[in-house]
Structure formats: structure tokens, C-alpha cells
Amino acid sequence: EGGMYLYRGVLVFPYTLIAASPSEEGIPQIAMVMMMAIGLAASAAAVKTFSEERPMFWREAAAGHNRLAYFLGGTWATVYRFSLAALHFTAVYYVRATPVIPFPRVLVIVLLSYCAVYGQACFMSMFVRREDAALLAVVVSLFAAVFNGYIISLPDALKRLFYSFWASEAFFSENTIPFRKTFRVESISAPIWGYVLDRFAFDMGILLVVGTVYRVAAFILMISLNRDKQR
């Protein structure tokens with residue numbers, strides 16, 4: 001029911017000429033706000049995964065302990081935290097917004113967005129002082145949310161570099177399913193934002209890859225920086 005107030009596109013032929021003025025920006029706008037909210041909620045907590053434990057890591061590495069095992073243990077310990085946070089976020093959103101998209105699909109989008117934000121914040125915490133890491137992670141997550149596709153003047157190639165675009169593409173695709181027999185979603189609405197419909201698994205895979213790449217880069221920085229303190 002809520003989706004009817006978020007989307008009104010161009011009617012299919014032969015009703016196109018008598019269609020009311022389209023209002024297609026609601027879903028991408030909501031997706032951008034969701035990405036901002038997830039970034040604000042997750043970034044400050046995520047930087048604490050390693051920023052506050054770097055002295056401990058240096059001590060453990062100097063003692064001869066496996067650095068990869070330490071990193072994987074710290075990363076795995078955050079999974080339950082952002083999983084519960086994603087579940088809480090999705091539950092509140094679903095009750096308040098009453099979207100047309102099924103609850104499990106919203107949960108997967110939010111969960112993997114949290115995963116990507118945690119990876120991004122973890123990466124930031126490796127080369128920034130602990131006092132500044134939380135602020136930088138929040139600013140970067142807000143910046144990333146802007147590239148979700150809602151601002152159409154930004155180049156599509158640039159937007160595709162950010163996790164927020166892929167999460168928003170899946171969100172838009174799922175929310176417009178009930179309207180595709182009535183409105184020209186695939187031919188007119190989706191290209192406005194640079195989205196491709198019906199590739200939910202691909203979009204979620206990209207989010208998972210982004211989160212993984214950030215963590216791999218974070219590990220490389222962890223073992224590369226301050227090597228003198230790891231001996």
C-alpha cells in the first residue's frame with residue numbers, strides 16, 4: 001500500500017498521453033535516506049572493531065601470533081552485531097513504511113548494506129587516528145549514500161563504484177514489481193536512475209563483494225603499516 005504513494009510513472013500504451021504527471025523519484029529518494037541512516041548507524045560502531053585494538057594487535061603480532069587469524073576473528077565477531085542491527089532497522093522500517101517489497105528482501109538489502117558499511121569503516125580505521133576514524137567513516141558513508149542513483153546528474157560509471165547504488169537498484173526493482181503492468185517502469189523509469197531491473201541476486205552479490213574487498217584492503221593496511229611495532 002505504501003508503494004502507491006512513492007511511485008507514479010508513465011502509463012503503458014494506449015494510456016500514455018492521458019497519464020498524470022509522473023512522480024518517479026520517491027523510491028530512489030527513500031533508498032538514499034536509508035543508505036544515509038545505515039551509514040550513520042553503522043560507521044561509528046564499525047571503526048571500533050580494530051581502531052581501539054591496534055596496540056593489542058601489534059603486541060600479538062610481535063609475540064608471533066597469526067595476524068590473519070586475529071583479523072578474521074575480529075571481523076567475524078562483528079557479524080552478530082550488524083545482523084541484529086539490520087534486523088532491528090528493517091523491522092522498524094517495515095512497520096512504519098509498509099512497503100510493497102517482501103520483508104525478507106528488505107532484510108537482505110539492509111543486512112548486506114550494513115556489511116559493506118562495516119567493511120568500509122574498518123578500512124578507514126586502519127590509516128586514521130582513533131579520535132578521527134569515527135567522524136571520517138560517518139562522512140564517507142554519507143558521501144557514498146549520495147551516489148545511490150537519486151542524483152541523476154552524476155555519471156553512471158561513478159555511481160556504480162559505490163555500494164549504495166547496488167542496494168538502491170535492488171530496492172527500486174523490488175518495489176516497482178506491482179506497477180509494471182500499469183506503468184512503463186523498465187523502459188522509462190529505471191533508466192532515469194541508471195538502474196537495471198530484476199537482478200536482485202547480482203546486486204546482493206556486488207554488496208558482498210564490496211564488503212569483502214574493503215576487508216581485504218583493511219587487512220593489507222593492518223599488516224603493512226607500523227611494521228616496526230609488529231616485531
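The side chain of Asn175 reaches the backbone oxygen of Phe171 at 2.9 Å. That is a polar contact: a pair of N or O atoms within 3.5 Å, where within protein one must be able to donate a hydrogen and the other to accept it, and residues adjacent in sequence count only if both atoms are side-chain atoms.

This is a predicted model, in which local features need pLDDT of at least 70, side-chain atom pairs count only at pLDDT 80 or more, and totals for chains, interfaces and linings use all residues. Residues are numbered from 1 along each chain as its sequence is written, and side-chain values use heavy atoms, with hydrogens and water left out.

**Asn175 and its helix**

Asn175 lies in helix H8 (residues 163-175). Helices are DSSP runs (H or I, at least four residues), numbered from the N terminus. Asn175 is buried, with a relative accessible area of 2%. Buried means under 20% relative accessible area, with a 1.4 Å probe and protein chains only. Leaving aside neighbours within four places in sequence, Asn175 is in contact with Ile27, Pro99, Val100 and Ile101. Contact means heavy atoms within 4.5 Å.

**Two cores**

A nonpolar core is a set of buried Ala, Val, Leu, Ile, Met, Phe, Trp, Tyr and Cys residues joined through side-chain atoms within 4.5 Å.

| Core | Residues in it | Among its members |
|---|---|---|
| Largest | 49 residues | Ile109, Val110, Tyr114, Tyr163, Phe172 |
| Second, separate | 12 residues | Tyr70, Cys122, Ala218, Phe219 |

Neighbours within four places aside, its contacts include Glu24, Ile27, Pro28, Trp193 and Leu197.

**Helix H1**

Which residues of H1 are buried? Among them are Gly26, Ile27, Pro28, Ala31 and Met32. What covers the buried residues of H1 includes H4, H5, H6, H8 and H9. The expected span of a helix is 1.5 Å times one less than its number of residues. The 21 residues of H1 should therefore span 30 Å, and its end C-alpha atoms are 30 Å apart, which agrees.

**The largest pocket**

The largest pocket has a volume of about 240 Å³. It is lined by 13 residues, and the closest to its centre are Thr75, Val79, Cys115, Thr212 and Arg215. A pocket is an open set of points on a 1 Å grid over the protein atoms alone, where a 1.4 Å probe fits, with protein on both sides within 12 Å along at least five of seven lines; lining residues have an atom within 4 Å of a point. H10 gives the largest share of the lining, five residues.

How values were computed: Helices (H or I, at least four residues) and strands (E, at least two) are DSSP runs, numbered from the N terminus. Buried means under 20% relative accessible area, exposed over 50%, partly exposed in between (1.4 Å probe, protein chains only). Grid points are joined across faces, edges and corners, and a volume is the space filled by probe spheres set on the points.
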